[in-house]
Amino acid sequence: MLDFIARRLIAIIPVLGVVAVFVFLMLRLTPGDPAAVIAGDNATSDQIADIRNKLGLDEPIWTQFAIWIGNVLQGNFGESFFFKKTVAELIAQRVEPTLALAICTLVFAVSISVPIGVMAAYRQGSLIDKAVMGFSVLGFSVPGFVIGYCLIYVFAIELGWLPVQGYVRIGVNFWQFAERMVLPSLTLSVGFVALISRITRASVLEVLNEDYIRTARAKGLSNRVVLMRHALRNAAVPILTVIGLGIAILIGGAVVTESVFGLPGLGRLTVEAVLSRDFPTIQTVILLFSVVYVVINLLIDISYTLFDPRIRY
Amino acid sequence: MFSFRKSALAIVAAASVGGLIAAAPAQAQTLKVVMHSDVKILDPIWTTAYIQRNHGYMVWDTLFAMDEKFDVKPQMVEKYDVSADKLTWTFTLRDGLEWHDGKPVTAEDCVASIKRWAARDSMGQKMMASAEGLEVVDAKTFKLKMKEPYGLVLQSLGKPSSNVPFMMPKKTAETDPMQQIKLEDVIGSGPFVFKGDEWKPGEKIVYVKNTKYKPRSEPANGLAGGKVVKVDRVEWIAMPDIQTQVGALQNGEIDMIESPGHDLLPLLAKDKNIKLVSFNPTGNQYTFRFNSTAKPFDNAKIRHAVFVAFAQEDFLKATIGDPQWFKVCKAPFVCGTPLATDAGMADVLNGNAAKAKQLLTEAGYDGTPIVLMHSTDLQVLTNLAPVAKAQLERAGFKVDMVSMDWQTLVARRVKKDPPNAGGWHAFLTSWVAADILNPVMAGFFNASCDKAMFGWPCDATIEKFRDQFAKETDPAKQKQIVEDLQKYWVNHPTHINVGQWYAPLARRANIDGNLTAPVPVFWNVTKK
């Protein structure tokens with residue numbers, strides 16, 4: 001197992017290398033000039049050229065890459081072109097809202113989608129099954145921002161139960177933190193619930209036809225025990241895989257959800273950095289997202305062994 | 001129904017009854033505002049972006065300031081005089097001016113600040129080009145010595161919009177003008193103190209009342225007069241989504257939106273808890289900018305044909321919609337300001353496609369497609385380029401409209417490449433009226449070839465008029481120069497003004513006191 005983990009961790013290095021080169025080149029080759037953005041509307045060409053020079057953007061592209069990658073290898077992710085702060089500081093400030101949103105969404109999504117997926121499989125063809133599948137199609141089809149605006153209109157503006165926007169750090173006031181997390185997490189959960197419940201239903205359905213389920217029933221075990229201990233556990237591997245893949249959806253969804261609900265997280269930092277062509281920030285955030293994605297999928301792979309003893313690394 | 005808010009209140013109430021929570025001091029009066037953008041850069045001299053200008057007015061003070069009637073009045077300056085030969089200006093600072101760290105404001109600070117500002121600002125550069133130098137006389141007095149009489153000294157030092165000559169401590173003002181000042185150097189002498197420890201880019205920026213600030217005795221008037229702060233704290237909340245901003249205002253989570261977007265104004269107007277306030281009566285001006293170096297716009301007659309072809313109302317209806325928030329105005333120096341005039345404008349901006357066609361034929365237009373850059377992500381600009389395309393095509397131009405986001409346009413407009421190889425022929429933008437009050441201030445009138453703004457018009461006659469205007473000290477003669485310039489410029493346009501528009505702010509009904517000024521400022525604002 002340790003050997004497997006070590007190999008997987010080493011495999012992250014080339015992945016990150018490819019991501020670094022790709023992101024760097026994409027940013028340099030797509031239109032947009034941070035110096036012109038910084039200089040503002042009234043700036044002259046000379047002023048823009050001066051700023052470009054100060055930022056090192058007039059160096060050849062490979063020189064810029066070598067400087068950046070050299071600094072990254074020393075743990076220096078550079079300074080934002082716009083904020084007078086290091087990128088590491090900026091990310092540290094923004095990580096909590098995104099982490100909170102991701103955890104709340106995962107908790108919401110898994111605690112709703114797995115039970116309804118199991119129920120849909122167990123009652124295949126029933127009204128519950130059709131409702132779950134119908135919701136699933138809806139969840140895939142409706143964009144996150146539309147769901148967000150609808151939830152804001154109903155629960156914040158019309159009913160006044162929850163705030164429209166904003167973020168309060170968990171250490172400052174837990175209740176204010178919690179009430180500000182409900183609508184964004186629900187919004188982001190919808191697509192996730194649709195995905196996981198569908199896969200759960202399909203996996204459990206497949207398992208329910210296995211001989212060992214028939215044997216378990218023949219032993220006189222209750223439906224709950226058959227479903228939870230025998231069926232769900234054996235159906236867990238594909239569900240976990242989808243949850244892992246869903247992290248990518250979650251990262252993408254956070255970009256929109258954080259904008260709609262005014263959460264100052266990494267998603268919004270990414271949007272702001274892209275719109276203002278803040279190269280050091282974009283590069284570092286994308287690298288960070290890649291690391292998170294790879295590590296979470298590694299953890300998912302390791303967790304397979306908990307559910308299926310046949311899997312050994 | 002379960003409510004987090006109710007549950008929280010119940011717990012707090014129970015805790016209070018049990019004596020768990022000590023009596024809190026009276027709550028500070030906090031104004032929560034969503035501005036048009038988040039503050040990412042703290043140095044208002046390093047960039048000309050309007051959000052940094054607004055941030056500057058919170059923290060720093062100015063030597064002079066412009067009132068509602070566009071008159072320049074002393075602000076940090078107690079008294080000033082100019083010598084009989086109009087070559088030496090002497091300025092004396094008010095008593096009691098103090099930086100936020102408690103040190104006194106000195107003449108040395110002001111001299112260093114003017115030098116740094118003038119290194120970045122086009123109006124400052126022009127003034128200092130005519131200056132012999134700045135000289136500190138004593139702790140409160142300094143002199144500006146000119147090589148020749150210069151008519152825009154006060155207008156330059158009282159410039160209301162970007163770059164504003166904000167006064168900074170000498171140590172800060174000695175920062176390389178091409179570098180940003182440091183976070184710890186955001187120390188001004190203005191009416192609010194920046195809270196560096198609470199600044200979270202992308203979340204909020206916080207200012208608290210400068211309790212040591214000594215406002216002028218005159219009542220607040222535009223950007224001039226006494227800057228009396230009537231709230232304890234102002235928070236600018238970063239909230240990029242306009243729909244969310246409106247929801248938050250309706251829900252009472254914020255007190256004000258600086259720029260709520262025209263399509264949502266009818267919704268806000270219906271809400272009895274919200275008021276729409278037009279704080280900037282001269283508003284903004286839409287502008288069509290030529291690349292005067294690229295064929296066929298290197299030909300003045302073809303540029304004039306565009307002037308003849310355009311009609312402002314179509315642009316304004318397509319972008320703003322409600323006539324309450326726009327004005328057809330031919331005056332390039334903005335209707336409602338001292339230099340506004342229609343001189344020379346009778347035959348242009350009437351949407352005369354037939355006349356434009358005739359001019360194109362006379363000028364020998366060869367059918368070169370006009371590369372028109374179309375920005376698609378800023379709501380107030382998005383519909384301008386399609387209108388321009390339609391009006392140009394009606395006049396006989398071929399148009400290649402290229403859509404892109406604003407930052408791509410910003411990057412492309414500084415390129416001098418041929419239009420069909422990454423360059424451009426034209427684009428549309430918007431100016432705050434306070435930036436274009438005279439031909440020296442208005443950047444698009446600068447026709448000094450490579451030193452001009454993107455578009456690089458090269459016209460010695462326009463430059464001659466601008467120099468005359470700058471050196472003229474008699475306002476009546478200045479106005480005559482503007483009229484003469486305008487008559488010439490109509491036939492040799494560097495850009496075209498395609499309409500004036502206004503953007504009200506939206507505030508909760510318990511907020512009052514927003515001043516009529518070209519910049520949203522927060523002194524005088526009350527919260528009941």
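**Note on the predicted two-chain model**

1. Asp211(A) and Arg214(A) share helix α9 of chain A, residues 211-218, where they sit 3 residues apart, about one turn of the helix. Their side chains form a salt bridge, with an N to O distance of 3.1 Å. Asp211(A) counts as exposed, at 51% relative accessibility. Arg214(A) also counts as exposed, at 53%. Both values should be read with the origin of the coordinates in mind: this is a predicted model.

2. A second pair in chain A joins separate elements. Asp33(A) and Arg52(A) meet through their side chains in a salt bridge of 2.3 Å, N to O. Asp33(A) is in the loop between α1 (2-29) and α2 of chain A, while Arg52(A) belongs to helix α3 of that chain, so the bridge ties together parts 19 residues apart in sequence. Asp33(A) has 9% relative accessibility and counts as buried. Arg52(A) is partly exposed, with a relative accessible area of 24%.

3. Chain B has a bridge of its own between Asp255(B) and Lys527(B), whose closest N and O atoms are 3.1 Å apart. Asp255(B) lies in the loop between α7 (242-250) and β13 (256-257) of chain B, and Lys527(B) in strand β23 (residues 526-527), so this pair ties together parts that are 272 residues apart in sequence. Asp255(B) is buried, because its relative accessibility of 6% falls under the 20% limit.

4. Charged residues also link up in a group. Glu198(B), Lys204(B), Arg233(B) and Glu235(B) form a network of salt bridges. Over all chains, the structure holds 35 salt bridges.

5. How many salt bridges cross the interface of chain A and chain B? The rule finds 3. Arg169(A) forms a salt bridge with Glu203(B), and their closest N and O atoms are 2.8 Å apart.

6. Which elements of chain A build its side of the contact? Those giving two or more residues are α2 (34-39), α3 (45-55), α5 (87-122), α7 (144-158), α8 (174-208), α10 (223-260) and α11 (266-275). Helix α3(A) gives the most, with 7 residues. By type, the residues on this side of chain A divide into 26 nonpolar, 11 polar and 13 charged.

7. The extent of the interface follows. Chain A and chain B bury about 4,700 Å² between them, and 56% of that is on carbon and sulfur atoms. The contact takes 50 residues from chain A and 56 residues from chain B.

8. Phe70(B) is worth a look. Its place is the loop between β3 (64-66) and β4 (72-74) of chain B. Phe70(B) counts as buried, at 18% relative accessibility. Leaving aside residues up to four places away in sequence, Phe70(B) touches Thr282(B), Gly336(B), Thr337(B), Pro338(B) and Leu437(B). Lys147(B) is 77 residues from Phe70(B) along the chain, and their C-alpha atoms are separated by 27 Å.

9. Last, helix α13 of chain B, residues 384-394. Its buried residues are Leu384(B), Ala385(B), Val387(B), Ala388(B), Gln391(B) and Leu392(B). Seen down the axis of α13(B), these fall within an arc of 155°, so they line one face of the helix. Just after α13(B) comes Gly396(B), with a positive phi of about 105°.

Definitions and conventions:
Residues numbered from 1 in each chain as written. Chains lettered and ligands numbered in written order. Predicted model: local features only at pLDDT ≥ 70, side-chain atom pairs only at ≥ 80, totals over all residues. Heavy atoms only, no water. Buried < 20%, exposed > 50% of the residue type's maximum accessible area, 1.4 Å probe, protein only. Helix = DSSP H or I, 4+ residues; strand = E, 2+ residues; numbered from the N terminus. Arc of directions from axis to C-beta. Contact = heavy atoms within 4.5 Å. Buried area = accessible area lost by both parts, 1.4 Å probe. Salt bridge = Lys/Arg side-chain N within 4 Å of Asp/Glu carboxyl O. Nonpolar A, V, L, I, M, F, W, Y, C, P; charged D, E, K, R; others polar.
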